[in-house]
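Reader: I would like to know how the labels on a model like this one are decided. Please set each value against its rule.

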Amino acid sequence: MLDLHPPGPDNRYHQAHVKLLLDSYRRVLGEPLLDAVGDDFGRVVYEADFALLSHNTDPDPLFNYANRKALELFELTWQELVGLPSRFSAEPVNREERERLLAKVARQGYIDDYAGVRIAKSGRRFMIRGAVVWNVLDGDGRPYGQAACFSDWDWLA
């Protein structure tokens, strides 16, 4: 489900969704994305200094989460990002490569060395490196979507 209300104290920073992302990361990669952060992990992840995004399982997947750093990089508000087809995070010329990446993640469960160019709303381009992309599973182990996190990026000229 796409929640158009931005993360905040009143919705616990979408903590239930963040829990799925963190639990899936641990299940698929065998280690935690974050060290123990207590009961306020929804806020901690939203305010983290790395970018974290996820999309759903639709045939043309739609973004359903982004933390503050990801929103800043893509120069989008929560309302602009949530529901946006995730393919729009890449320039048209890079979308085929992105589709290959997502298919590989679907088969393998994750990759931890992705690098590629992404584009912000203003048209500014940035290179991400060392991104981890993984399958997100619900509490019963069924596919729920895919997520990506990265902390290494540079703006391109």
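Reader: How many nonpolar, polar and charged residues does the lining of the largest cavity have, by class?

Author: This is a predicted model, in which local features need pLDDT of at least 70 and side-chain atom pairs count only at pLDDT 80 or more, while totals for chains, interfaces and linings use all residues. Residues are numbered from 1 along each chain as its sequence is written, and side-chain values use heavy atoms, with hydrogens and water left out. The lining has 12 nonpolar, 5 polar and 2 charged residues. Ala, Val, Leu, Ile, Met, Phe, Trp, Tyr, Cys and Pro count as nonpolar, Asp, Glu, Lys and Arg as charged, and the others, Gly among them, as polar.

Reader: What makes a space a cavity, and what volume does the largest cavity have?

Author: On a 1 Å grid over the protein atoms alone, a cavity is a set of points where a 1.4 Å probe fits but cannot get out; lining residues have an atom within 4 Å of a point. The volume, the space filled by probe spheres set on the points, which are joined across faces, edges and corners, is about 240 Å³ for the largest cavity. Of its 19 lining residues, Phe63, Ser89, Arg98, Arg118 and Ala148 are the closest to its centre. Strand S5 gives the most to this lining, with 4 residues.

Reader: Why is Leu137 called buried?

Author: Buried means under 20% relative accessible area, exposed over 50%, and partly exposed in between (1.4 Å probe, protein chains only). Leu137 has 17% relative accessibility, so Leu137 counts as buried. Leu137 lies in strand S4; strands (E, at least two residues) and helices (H or I, at least four) are DSSP runs, numbered from the N terminus. Leaving aside residues up to four places away in sequence, Leu137 touches Leu20, Ser24, Arg27, Arg142, Pro143 and Tyr144, where contact means heavy atoms within 4.5 Å.

Reader: How do you know that S3 and S4 pair?

Author: Two strands pair if DSSP finds at least two bridges between them. S3 (residues 110-119) and S4 (residues 125-137) have 7 bridges, in the antiparallel sense. Arg118 has Phe126 as its bridge partner in S4.

Reader: Why does Glu75 count as partly exposed, and what is its phi?

Author: Glu75 has 25% relative accessibility, so the label is partly exposed. Its phi is positive, about 55°, although Glu75 is not a glycine. Most residues other than glycine have a negative phi.

Reader: Is Tyr13 buried or exposed?

Author: At 12% relative accessibility, Tyr13 counts as buried. Tyr13 also has a positive phi of about 55°.

Conventions: On a 1 Å grid over the protein atoms alone, a cavity is a set of points where a 1.4 Å probe fits but cannot get out, and a pocket is an open set with protein on both sides within 12 Å along at least five of seven lines; lining residues have an atom within 4 Å of a point.
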